[in-house]
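Open the model in your viewer and keep the selection tool at hand. This tour tells you what to select next and what to look for there.

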Amino acid sequence: MAIMSFITVSLLFSLGLFTVLTRRNAFKTVIGLTLMESAVLLLLISWAYIPDGWAPILPLKGGGVDPLLHAFTLTAIVIGACDLALAFAFIMKLNKFERTVDVDVFRRLKG
Amino acid sequence: MISALFVVAPQRVLPALLAGALVGASALYGEGYFGDASERRAFRALLLCFFFPVLGALFSAGWLEFFVFVEVSTVALFLMIARKRRDVALRYLAVQFAGASLLLAGVAGATMAGIPLFVPAPRGLLPFFILGLGVKAALPGLHFWLPEVHGTAPAPVSALLSGFAVKIGVFGLLAVSAHEPSYLLLPAGAFMALWGAFMSLLQQDVKRLLAYSTISQLGYIVAACGAGTSFGVAAALYHTTVHGLLKGMLFFCAGILEKVYGTKNLNELGGAATALPVTFALFLFAAATVIGLPGTPGFASKGLIKGALEAFPLLSFCFLIANVGTAASFFKMGTFAFGGVRKRTRDNIPERLRLMNAGMLFIFAVLAPLALFPGMLPLFLGVRETSFYSAAKCAESIFTAACGAVVLYAYQKRPEFGERLLNRLDGRTERFLRTAGKGSLLMRRMQSGLLRGYLFAAALAALVLMVFFSW
Amino acid sequence: MSEPLLAFFYFFILVTAFVAVFLEDLLSSFIALSVTGVLMATVFALLRAPDVALTQAIINSGLVTSLLLVAYSQTRRTPLPSEECPECPFWLQWPSAALVCTLFAVFLFRGLYSLACVRELGSAPAHFLANTLEETGALNVVAAILLDYRAFDTLGETTVIFTAVSGISLLLAGGRYVHSGRGLSFVVKRGMALLTPFILLYAASILFLGHLTPGGGFQGGSVFATVAILICVVYGTSFEAARISPKTKETLESGGALLFIVVGLSGAAWGTGFLANLSGPFLPGTPGSLFSGGNMLLLNLAVGLKVGAGLSSIFYAMIKILELEGDSWQS
Amino acid sequence: MIPVLRFLGGICIFAGVFFSFAAVVAILRFPDVYTRLHGGTKALSGGAVLILLGALPYAGGYPGAIKLLLIAVFFLISNPMASHAIARACHRRSLAERALERKRGERG
């Protein structure tokens, strides 16, 4: 079970990394970032799972899964969504100046 | 267990007061110096960005906090310089961060060993600290960045750099030095004092003259640190305070000259004494303080340093010679810039000259009580010294000043000799800088601005780490 | 939970992710990404994380996709950069990137594999599971952790949301807003009118029963934001702006932050510390009823106001420029 | 009673899966937007609602069953609404006609 999750997580993360590395379209970059974030979320939740555990809603009918990691993941999802929204805003703003969504064009930061 | 992040102690309060006075004076001066309103606004903001990290660094209990705050203040200074000369600012930042990376190694070791500030660091870590802080304090060999940066920065920023930024390196050296004479810092200090005085005598650029004079005075402070006694620490802090303030004042003065005459070259200046009487009076006071004439705070602080170095007569002799050089260079600045006939009649005295003079007066007001009560600050640091004005000391000081005048007279007889020497030395420094800059060129080429390239580097680094840790 | 089912979902997550990455058409990749999000939510539910599954379904695959679509329709994509980049340095061409990423996956798996062991609860989670009811009076342990044990973190999180909203408003400010959207057709408007009360009820139930059942301020607030977005799309932005003006949203968001802080300070005023719950001025109530769990109800409300108003402001700020272009995508 | 209901539910679920499968085939095979929308919406509405109905006996009590019914009702309202909006937008922009022209151009 855990092995399966780990394989998925590593593949998903690498796929996201590959996307960000090779794609020039800013939206594809965002997709890659989302995939990487999803991989991390999946890792946390599958790490929180304990075989035969119950969801952390009281009263429990047996052993429970790890609620602390669930709380962390929840936080991570909300903050990740805010980050993505900010990324969209940046893309829109940069698009207004450069008339493109090619990340290679956004090189003004070069000192 | 929660340990305190910040500590308050006399040896921390004194530099903080210095920083406060200097920043206040710079703010006042900057209002007059910068003509453009947006420049003024940026300077004000960056001044605060400099001031608060500096306070954090001075009062921080651990090395890590000290390190972080110092680097933040470095970035603030970088931004201030970058508004005038971007390339010089980048070079300054590169040099400072190169030093910082060395310092970080020492800081990491000290933090892991749980050593706070003002506890002697173990011998193994000392090289990192000395090299890292040496770049900031311009120890010999690591001082190459100082004249250029101090010479090109805007005058109030030069005052901050010379008055405080280098002193924070000295503060770090004080915090790390052991309670025994250091045979590294003592000769380094003597060498700095002599070299700085010699070079400042050769300079034709007002600000570079002041920058080398800073190196010379830092030599006194570093040597006092190296003495390793609490008396030496007090003397170093005292001279730090006095020198920081008056070097700020002198840079302000240089800034006024630059604004009024449009040049920093001593050969083209002249006759400013009648054009700028207030500035001239304040310059006289500052020069007398740097030389250490009796009745000025510089006399007291130099006397204290000589007291701290009583055990090393050779050093005292070196400082005597250095003082002659200092006196000669400041006589030179006085006669060239303020004396003589007015060479340029471009008397477009800025409207805001009054504000600039107010900045200098502010520092004078801080320094004047120190001149009247020379024993006050040492007492604050826990050192009771009563015999500031002995006849021998006064005579020695006046004698060195007179020697300085003689040296200047002799130098004036053969000006082309000095110029040739200066050119050769400057050319050597230039070549060294160019060689050192090759490394940063490589970095610049790698820094392509391609965002995906950075990510690739990060991924590769992560991969290397993973491979490294899985075997 | 059966492993074959999980394996099936993992497989499809990977397939949709591949599709999202390798499709040329951006809109299709967004849809594929959204499907990935829904599948992830299902996997979370299978892995006994109902709270997280709810959040993932609402925020990551719902709200983020809608924002993505708005951003996509807003940007000019001429000329669309080709994915191949012949002038790029060789390490950014796909073979070397693929090599690095494969190695990355291998070593990531290797590292994770060394972690694989028989999982047991740590001391803190075990404590939470055993003592949540008597220490906080709530039934939902995740909500209890978020709003009681680690409430200060949640305050920080709401600050992050606030920062993001201000950043986006700052970035996209400047264009004057033109009310031009007329909304969708009559059928959709009537249908929406029928559905809206139920969606609002659903949002309120998620919000206010957060301490009893899966859900809470974040999820409920996001559903409220979804309602705002739906109204925006269906009835046109002018209707939405008239009903809930941006000013109102600002007020609601600030009110949420203020409520959170006031609740926290009431604990401090009681003398037990910032955000103190049962040790402070709040009563546990009967477990399982609406008014239980001390201040959790209030904190859920505060977080919900903040998240709902914040996310809908983000959407509003983004769609504002779209309307300005005159190219209305709703017709 | 319960086994009979469960058997009926199973039949419903199988039928629903068949309809959904048919919807997928429709979306893949049909030529343009309107026919795809037609196949997708109708078959999917039927499929999803049938699956929900089939799940009723397995819901374990009235609360769960009522929730499933509510979901079915909302699905029946929202799914046609969404396809209506899509079809209308396509019609306004005459997307289908444009696609047809493009296809003709490719052939000719």
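Over which residues of chain C does pLDDT stay under 50? Select residues 323–331 of chain C: that is the stretch. The model has 18 contacts beyond four places in sequence for these residues. Here pLDDT is the predictor's confidence in each residue, from 0 to 100. Two residues are in contact if their C-beta atoms, placed from the backbone, lie within 7 Å.

Two notes before moving on. This is a predicted model, in which local features need pLDDT of at least 70 and side-chain atom pairs count only at pLDDT 80 or more, while totals for chains, interfaces and linings use all residues. Residues are numbered from 1 along each chain as its sequence is written, and chains are lettered from A and ligands numbered from 1 in the order in which they are written.

**Stop 1: chain C as a whole**

Select chain C. Its mean pLDDT is 85, and 91% of its residues reach 70 or more. Chain C has 12 helices and 0 strands. Helices (H or I, at least four residues) and strands (E, at least two) are DSSP runs, numbered from the N terminus. Now colour by pLDDT. Among the elements of chain C, helix α1 (residues 3–22) has the highest mean, 93. Helix α10 (residues 237–243) of chain C has the lowest, 73.

Of the 331 residues in chain C, 48% are buried. A residue is buried if 20 or more other C-beta atoms lie within 10 Å of its own, exposed if 12 or fewer, and partly exposed in between; C-beta atoms are placed from the backbone. Take the contacts in chain C between residues at least 6 apart in sequence: 70% join residues at least 24 apart.

**Stop 2**

Go to A138(C). It sits in the loop between α5 (123–136) and α6 (141–149) of chain C. A138(C) counts as buried because it has 29 C-beta neighbours inside 10 Å. Show its contacts, leaving out residues up to four places away in sequence: among them are H211(C), S292(C) and M296(C).

Next, R48(C), in the loop between α2 (26–46) and α3 (50–74) of chain C. Its phi is near 65°, a positive value in a residue other than glycine. Most residues other than glycine have a negative phi. R48(C) is buried, because 23 other C-beta atoms lie within 10 Å.

Move to L275(C), in the loop between α11 (246–270) and α12 (296–324) of chain C. Phi of L275(C) is also positive, near 65°. L275(C) has 23 C-beta neighbours inside 10 Å, so it counts as buried.

**Stop 2: where chain A meets chain C**

Show chains A and C together. The contact takes 70 residues from chain A and 83 residues from chain C. On the chain A side, α1 (2–22), α2 (26–48) and α3 (67–98) each give two or more residues. α3(A) gives the most, with 22 residues. By class, the chain A side has 47 nonpolar, 16 polar and 7 charged residues. Ala, Val, Leu, Ile, Met, Phe, Trp, Tyr, Cys and Pro count as nonpolar, Asp, Glu, Lys and Arg as charged, and the others, Gly among them, as polar.

Stay in chain A and zoom to P59(A). It lies in the loop between α2 and α3 of chain A. The peptide bond from L58(A) to P59(A) is cis, with omega near -5°.

**Stop 4**

Select α10 (residues 230–261) of chain B. This helix has 32 residues and reaches 46 Å from its first C-alpha to its last. Of its 32 residues, 29 are buried. Just after α10(B), G262(B) takes a positive phi of about 75°.

Which residues have the most contacts inside the largest nonpolar core? They are V170(B), V222(B), A224(B) and C253(B), in a core of 153 residues. Such a core is a set of buried Ala, Val, Leu, Ile, Met, Phe, Trp, Tyr and Cys residues joined through C-beta atoms within 7 Å. α10(B) supplies the largest share of this core, 20 residues. A second, separate core of 142 residues includes L17(A), F107(C), L129(C) and V188(C).

**Stop 3: chain D**

Finish on chain D. It has 4 helices and 0 strands. Buried residues make up 12% of its 108 residues.

Terms used. The expected span of a helix is 1.5 Å times one less than its number of residues.
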